[in-house]
Amino acid sequence: MRFKQDFFEQLDSFYTQVYPQGISNPHWLGWSDDAAKLIGLEKPNDALLMQLSANAAAPGASYYAQVYSGHQFGGYTPRLGDGRSIILGEAIGPNGAWDVALKGGGPTPYSRHGDGRAVMRSAVREFLVSEALAALSVPTSRALAVIGSDLPVWRESQETAAITVRLAKSHIRFGHFEYFCYSEKGAPDKLIQLLNFTLAQHFPHLTADAAGYKQWFVEVVQSTAKMIAHWQAVGFAHGVMNTDNMSILGDTFDFGPFAFLDTFKEDFICNHSDHDGRYAFGQQPGIGLWNLKRLAQALTPIIPSDDLIAALNTYQPSLVSHYVSLMRAKLGLSTDSCLDSAEQEKQDLALISQFTVMLDNNQLDYSNSLRKMGQVDISSQYSPLRDDMLNVSEFDRWYQAYQARVGDVADVAAWQQQRNLHNPKYILRNYLAQEAIIDIEEKADNSKLLQLQQLLTRPYDEQPDMDHYAKRPPDWGQGLVMSCSS
Ligand SMILES: Nc1ncnc2c1ncn2[C@@H]1O[C@H](COP(=O)(O)OP(=O)(O)OP(=O)(O)O)[C@@H](O)[C@H]1O
Ligand SMILES: [Mg+2]
């Protein structure tokens, strides 16, 4: 790894230098070749294992924990910061730099009452989902590796610690701006310093002046809208959309109790502590806007309110338009229609919503239903999903409208093949992650994890002998809800 240290060198009051503490008996549980390429690495080796398990210094690393705050479940916490994630610096890759962070690397001045550690099950889940989302083209932080150990840690019972090696284009969160607006004295200067750094590093096409700031916020609004459109289209529930977990670049960030939908359920809650369903699947678009409003509020000292509001107003149309275009690709709705594009979008959204409401009412699997729809012979009156519906006449009405919208398809096989490129066969179902974790816990066997990882790097491909991974969960794995104690 070759590092540069821009954040460390330019923003010295925005972090505390802190060294990670090694974990005993470190061993690779998982490694991502694809993530490795991003920072110019190839295969894992012993020296890297020692560095990334914090048992040896990584040459060129600076080791620091950033300070930030954030709104958690709607309430403001004035100081959070990296309590268990220690950043080594920005590793230089062939197409740009990536922060390298050891998540679970030991206590920091921001650990509050925590131990600075991550348990193996949560580290494995973060590793798997980061790479699975990337393979689905969802904007996300990445995971280079997950490293197991025999270091005991206590949650509800004794578990072992692990480290996820996270790669992120930036670790700057909405909460960084909130911290330097509310919690730190000398606010406008620090806010401006942080914003100028963000612009120079990640928005080099923008100028560090009023016009650049205004356009920057528009781009943050839109990248957030785009990220959430991806989540809704792929059926991903994040679970903890606090503003400290919202990346300023619109990358999915901080994986705790997340879930991919098995059964489609608009009000599905994956987080055991989310009693009111604040972060339920169907709430995510609205929460995205709420979070952006909190960011806007923190920016009022440096960006005029009218500009902030104008940008916020682009959120909903931008999200809808990304969502509809992702769903069109899944369902095979082409866009070269003679209707006005806004009207077409409205009608398509209605068609898509009727479809998901039927999935919800009939308790059908989200990804498998879409995959099946993509294999329909569009000229035939018969759709494979019809048999799964209780209200067949409702489905028939919808299917007729759908057929009319798809129109004539000259080459049905090619159309179906296209659909398969947009409707994954394999997703990271919670029960699959759980099975991989149980094998590691009980048998020290990571082969399921490796198999799952391989499978999820090609989620759209038929893969021989892997069909069982595409099945709906068994009874024990239905609607698994995860706790935050990670
Ligand atoms: N075991 C722990 N020890 C110390 N601090 C912790 C621990 N778990 C969570 N925290 C801190 O609590 C706050 C909220 O935690 P949250 O689960 O959102 O983040 P995280 O998963 O630890 O890290 P990140 O957001 O970097 O992915 C953060 O400041 C985090 O660093
Ligand atoms: Mg977090």
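Select Gly81: beyond the residues up to four places away in sequence, Gly81 touches Ala65, Gln66, Val67, Tyr68 and Tyr110. Keep in mind that this is a predicted model.

Now show the backbone around Gly81. The residue sits in a loop, with strand 6 (75-77) on one side and strand 7 (85-93) on the other. Is Gly81 buried or exposed? Count the other C-beta atoms within 10 Å: there are 23. The cut-off for buried is 20 or more, so Gly81 is buried.

Next, colour the annotated positions. The unreviewed UniProt entry gives the feature "binding site" at Gly81, Gly83, Arg84, Lys103, Asp115, Gly116, Arg166, Arg173 and Asp254.

Which residues does Gly116 contact, leaving aside neighbours within four places in sequence? Select Gly83, Arg84, Gly105, Gly106, Pro107, Thr108 and Ser111.

Last stop: a pair of helices. Select helix 4 (residues 120-135) and helix 15 (residues 430-443). Their axes are 10 Å apart, and they pack at an angle of about 135°. The two helices are therefore oblique to each other. Their crossing is right-handed.

Show the side chains where they meet. From helix 4, pick Met120, Arg121, Val124, Arg125 and Leu128; from helix 15, pick Ala433, Ala436, Ile437 and Ile440. Colour this contact by class: seven residues are nonpolar, two are charged and none is polar.

How values were computed. Residues numbered from 1 in each chain as written. Chains lettered and ligands numbered in written order. Predicted model: local features only at pLDDT ≥ 70, side-chain atom pairs only at ≥ 80, totals over all residues. Axes fitted to C-alpha atoms, helices over the stretch in contact; angles between N-to-C directions. Helix = DSSP H or I, 4+ residues; strand = E, 2+ residues; numbered from the N terminus. Parallel < 35°, antiparallel > 145°, perpendicular 65-115°, else oblique. Left-handed = near helix turned anticlockwise from the far one by under 90°. Contact = placed C-beta atoms within 7 Å. Nonpolar A, V, L, I, M, F, W, Y, C, P; charged D, E, K, R; others polar. UniProt positions renumbered as here; feature names shortened; annotations may be inferred. Buried ≥ 20, exposed ≤ 12 C-beta atoms within 10 Å, placed from the backbone.
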